[in-house]
Amino acid sequence: MVDYRKDFRDPRYFEKAEAELKKYQGRPLVLMEVCGTHTMAIFQYGIRDLLPEGIRLVSGPGCPVCVTPVGYMDAAIQLASDPRVTLTTFGDMLRIPGSNSSLALEKAAGADIRIVYSPLDAVMLAENSQDRQVVFLSVGFETTTPVTALALRQAKEKKLSNFHVLTANKTMPSAMEMLAQQGRIDGFLLPGHVCAISGLNEYEVLAEKHGIPGVATGFEPLDLLQALLMLSRLAEAREGRVINQYARVVRPEGNKKAKEIVRQVFEVCDAQWRGLGRIPDSGLRLRKEYEAFDAWKYFKLEPEQGKEPEGCLCGQVLMGNLKPGECPLFGTACTPESPVGACMVSYEGTCAAYYKYGGAL
Amino acid sequence: MNQIVTLAHGSGGRMTFELVEKVFRRHFQSSLLEQGDDAAVFRMPEGRTAFTTDSFVITPIFFPGGNIGKLAVCGTVNDLAAMGAKPLYLSCGFILEEGLPLEELERITASMAETAREAGVMLVTGDTKVVQRGAVDKIFINTSGIGNIPDGIELSGSNAHPGDCVIVTGTIGEHGSCILQEREELNLHGPIHSDCAPLNGLTGSLLAQIPGVHVMRDPTRGGIATTLNEIAIQSHVGIQLHEEEIPVLPEVEGLCELLGMDPLYMANEGKMLILLPQQQTEAAMALLQQHPLGRTARVIGKVIEENPGKVYMKTRTGGKRIVDMLSGEQLPRIC
């Protein structure tokens, strides 16, 4: 019986992968982990320490909070100041800086802002507080969106008139297409949980089109080391295909039920990515059938305005062009306690990970 | 008496008197409290006196493994114990919210009395205020404690020496995980209990038999990571931890993974970090593991000269990572 807590972290199993990886002698490779949780896991396990000289690992834009534009935070803060509104949000959004404030500061000043673990909790809150306008800050990638869709379906079934969502949901493939076009990346570590939902097809198309391989992987040391080994071999040979290293969780066709629920509630649109700009077909908005729950419409909010703070280079970091340490603000003007950009504040932010785990090493 | 605490209970008149009599004095059964004067008067033993204070505002006020009252006694007792002091006397100030059920106040008080008995401390003086609804969250408690440090004991966060071993007296992160588990917003209900316990018996017995202990500190808010960083900074030393050695209950690991938290940063209320010379470590471990509160004690690392003020950890994979101080709050993950 596999012990899922222990076995994927047992040195006996990954020492071999580690030894093989260290033998790499091929051309210098730049590999990108796209998923924020991968960034954290790689640091937590000290994986970077184990990489051979020829392999450089950069962190990409797979942190849903990091790529949420400043304008969205400003809209959320505006909502929070409405006395009718109870704002519900994932905890990670609290410290993200808007143009002038943050939800944490607004909360301290008395705004009704509540952390929820799941959007379903927000629906329950709306049901139990008929006198409040409950708004859920809907950010997230493919992993998170299905539950939000489910929450909206529930809200529709319950005929709630006091529940709305402020959407900024995004999807990965279009952003990765943009990164692939830049031509600076030799291989992608594919986001394990995103692939569990969406399946592998879009990534296979991408890999073949650009000749840039991808390996879908999980979050344990064994997963990461094995995936890096596989990816380095594919990348060296410029083989544009995808390997599913996370087969215990990811099916090639993905999670059909989850995808169907999302299709029922959301439709594709263009989206603004902090630091990366406008990426076509990379976002999701509510379908007409659900527009009664659209907070943008209901509260007449203007999306996507807001300028990024002076000197903030989050965008370059998110594209893998800059290491956090190379940003002049890193660790000086920009720290977890007083972040300038979202990369530093979010739990999964590249700069936060480097700050917390990289430090003097 | 009414079933709930009212503002009249805090007015200083007959109802206050009744509350103190029927709830506090009845449970605490303290000879010094019985004197009923404005201040408790007693002689302190020879030697140095340790004095500490702590306030408790935790929510929920009842949780698996304890309650705010038990915590209030343990927290202050453990701060004294960490200095090598024998805890002797406690004060207790209550700030009660109008509307708090008296039954809850009784339960909390009874628990405090039981914990005080277990720790061998006497509650000798107190105060009660009642404020209107919303001014506090049900009940806030402040306890101050006073103890006596025997000669020959010199414990301080600035006392760590390169070569010292780092011991933790048991599995980490239970109190913090328990509270998270119980908080309504997260709507998870699992089997994690707070480790809230008075440690002076354990530490007293250790110090009586093992000379030369350098540092003891209880890793409360911010977890062992934050506390070890504090010690590293105070002592101008580096600390190296071994991930494999750090004891964590599977259910704590599970909850933390689910939410994206790190047990290193979760609060403990019944554990002590002990830094002591390498030569004393084996004997110390044998002693700790014999005690009910020290059964899961482990040596988790050592003090080094390099990287002063920093804590880092050798991971299971053989890599290295920095273990920084907690920055802000830990927040649950999104995806």
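Across the interface of chain B and chain A, three residue pairs are in polar contact, both partners at pLDDT 80 or more; a polar contact is a pair of N or O atoms within 3.5 Å, where within protein one must be able to donate a hydrogen and the other to accept it, and residues adjacent in sequence count only if both atoms are side-chain atoms. This is a predicted model, in which local features need pLDDT of at least 70, side-chain atom pairs count only at pLDDT 80 or more, and totals for chains, interfaces and linings use all residues. Residues are numbered from 1 along each chain as its sequence is written, chains are lettered from A and ligands numbered from 1 in the order in which they are written, and side-chain values use heavy atoms, with hydrogens and water left out.

One salt bridge is counted between chain B and chain A (a side-chain nitrogen of Lys or Arg within 4 Å of a carboxyl oxygen of Asp or Glu). A salt bridge joins the side chains of Arg9(A) and Glu257(B), at 2.3 Å from N to O. On the side of chain B that touches chain A, helix H8 (250-259) and strand S13 (320-322) each supply at least two residues; helices (H or I, at least four residues) and strands (E, at least two) are DSSP runs, numbered from the N terminus. The largest share of that side, five residues, comes from H8(B).

The contact (heavy atoms within 4.5 Å) takes 27 residues from chain B and 38 residues from chain A. Together the chains bury about 3100 Å², 57% of it on carbon and sulfur atoms; buried area is the accessible area (1.4 Å probe) that two parts lose on being put together, summed over both.

Two backbone features remain. A cis peptide bond, with omega about 5°, joins Thr59(B) and Pro60(B). Pro60(B) sits in the loop between strand S1 (48-56) and strand S2 (62-63) of chain B. Lys159(A), not a glycine, has a positive phi of about 55°. Lys159(A) is placed in the loop between helix H6 (145-157) and strand S6 (163-167) of chain A.
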